Amino acid sequence: MASSRPRGGSFSRNISSAATTQIPGVKLGPNGTSFLSSGIPDLDQILGGGFTLGSLVMVMEDPEAPHHMLLLRNFMSQGLIHKQTLLYASPERDPRGFLGTLPSPMASKEEKSHERPAEQDANLRIAWQYKKYFGEQNSEGQRGGKAEYCNDFDLRKPLERHFYSGQRVDCISLRDSPNLAPLLERCSTFSAQIAKSDDNITCASRIAIQSLCSPQCDFSDKDWEMLSFIRSLKGMVRSSGAVAVISFPPSLVSPAFLKRWQHLADTLISVKAIPDEDKELAKLLTGYQDMLGLLSVHKVARINTQVPAILEATTFSMKLRKRRALVLECLNQAPVDGSSGSSYGTSGSCSGSSKTGNLDF
Amino acid sequence: MDNSRANLLEEAVGISKGGRVVVVEDCVETSGAFVLHHFLKRSLYPDTSDVVIFIAFAHPFSHYERILRKMGCNLTVHRKTHRFVFLDMLTLECPDRNGKETRQDGLLALYGEIEKAVEIYSSLEGSRTITIMIDDISLIEVAANGLSNHVLDFLHYCYTLKAKYGCSFVTLNHEDIYSSANTLPLILQPEYLADVIIKAEPLATGLASDVHGQLTVLNKGSVCDLGDSSSKVRNFHFRVKENIVDYFYPGTQT
């Protein structure tokens, strides 16, 4: 495990430093795929570059907290900044109101690029011999394509109006229609506009559908209709240069159909809120107070390859850095006192590694 | 070394002969698509003249082409030399305006297409096996708007081609979908009719970077042939790579 880590690290870095294409906001990935940024730099990194162009991303909502909206907002906001065409559907009466809630990109990029290398320093204390390589590539990426590919967003500041006052944003309410046919039609005309000729994508676009099976929609009891809509959408997205993100409350889908939905997703993510005063969890995880919630990655899009993506961790904590920018961090288990027997292994290895570290230097 | 490992699946499946039904089952955590790719590649070996009819509901041609190219098998060339027939059903929509009739019509048309292709290739000279592959069955059900009886009918029609022309079948399905009693026939009936059942599952201990999951292979055909039913259920781990899949028994990986 320890030996494979630096290899994995350098491998992903090579991908991310691959040449950016002419199309704004699109990055080339392995196996002839391209990536779109999710709007969250950490999520891009976790997924190996971002959402794969032509993939269907499904977000399983938390029934109690609107954390999925954070993902959707960042995703759409990033699209607006890259001047991509957008389609947004939601069960709200006024879906255009969503545009007013989009976050604005962080003003000072300098702050970010200063901060990152410092973090790297802290993380790479042991693997000091790799530090120079990482540092170099990182700073290069920050200044070059990467800073443009994915912005940090300030969740407290709304996006300026001129970004979305143009014609590029389609908004649809799911509430008016008794079935999914109108939405499907809008999606197909939308993706027909941007259909790529052969392999040349002229323009990337984003589709976001919020709470597809929420009970406000009349079709929420028609399981098969929704399923075939998702399948059609997946086919459409695959043949055009778009990424579709669908968020849905999994508790409202019957278990058998939930599995079908999950199979249809190329990338499957779930978000969970964490209870405010969970003493058990607070003891177990460091930085519990700052956490907004948990994000799990269940499936990563595997287009043009059969090798499954094995992530180092599947669950991440969502935090706000300086109360503004959304960041994802690996869960850190707090050192547990010896009284609880089950956690012997973790506490043992923790103290062990730190001890050897001390002895080495 | 690599060669003997790759054969662990082939060993368990047995020697290829015409008219065999293979069912591959997987779940959300572990995709079984690589088994399908394996069979696709093996059917298109250059030393045979076998034909594959591939019915794709899940991915477009470019996806399979790129994967198989890395495994050393050029689908575009095979398509030109008429050894590989690709039926793109990605956007097959059995229209629902006129009710049930049309939905079955969509599948009937698909069956007609398959039968026509089988007829053409079996009439050509030379002994060749025609393999029909379906990726995947649960999506046929979605295209048929949940009428699983129509899907079952479609599958049974396809199975008649086995008796008539000696076709082989390889189908992929998702096991974890079928949990409630009224959806069970779609997984149980193909399982009953299958000669080989291959199940891809994640490890109980979770995902690892060097073991991607485990395969359970149940070979019913050889049980009848040889009369001994011992060790015909095999269980081994696998690791999927771009060009090859490593198969190994638990704990024997170097």
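What share of the contacts in chain A with a separation of 6 or more comes from residues 24 or more positions apart? It's 73%, where two residues are in contact if their C-beta atoms, placed from the backbone, lie within 7 Å. Keep in mind that this is a predicted model, in which local features need pLDDT of at least 70, side-chain atom pairs count only at pLDDT 80 or more, and totals for chains, interfaces and linings use all residues. Residues are numbered from 1 along each chain as its sequence is written, while chains are lettered from A in the order in which they are written.

**The two chains**
- Chain A has eleven helices and 14 strands; helices (H or I, at least four residues) and strands (E, at least two) are DSSP runs, numbered from the N terminus.
- Of chain A's 361 residues, 37% are buried, meaning that 20 or more other C-beta atoms lie within 10 Å of a residue's own, with C-beta atoms placed from the backbone.
- Chain B comes to nine helices and nine strands, and 43% of its 254 residues count as buried.
- In chain B, 71% of the contacts between residues at least 6 apart in sequence join residues at least 24 apart.

**Strand 10 of chain A**
- Strand 10 (residues 242–248) of chain A has seven of its seven residues buried, so it is largely enclosed by the rest of the structure.
- One side holds A:Ala242, A:Ala244, A:Ile246 and A:Phe248, the other A:Val243, A:Val245 and A:Ser247, and all of these are buried.
- Strand 4 (residues 56–60) of chain A runs parallel to strand 10 of chain A, joined to it by five bridges; two strands pair if DSSP finds at least two bridges between them.
- Strand 9 (residues 205–209) of chain A also pairs with strand 10 of chain A in the parallel sense, over five bridges, and here A:Ser205 stands opposite A:Ala242.

**A:Met58 and the core**
- A:Met58 has A:Ile246 in strand 10 of chain A as its bridge partner.
- Beyond neighbours within four places in sequence, A:Met58 is in contact with A:Ile246, A:Phe248, A:Trp261, A:Ala265 and A:Leu268.
- A:Met58 is also one of the residues that touch the most other members of the largest nonpolar core, which has 143 residues; such a core is a set of buried Ala, Val, Leu, Ile, Met, Phe, Trp, Tyr and Cys residues joined through C-beta atoms within 7 Å.

**Where the chains touch**
- The contact takes 31 residues from chain B and 25 residues from chain A.
- On the side of chain B that touches chain A, helix 6 of chain B gives the most, with four residues.

Terms used: A residue is buried if 20 or more other C-beta atoms lie within 10 Å of its own, exposed if 12 or fewer, and partly exposed in between; C-beta atoms are placed from the backbone.
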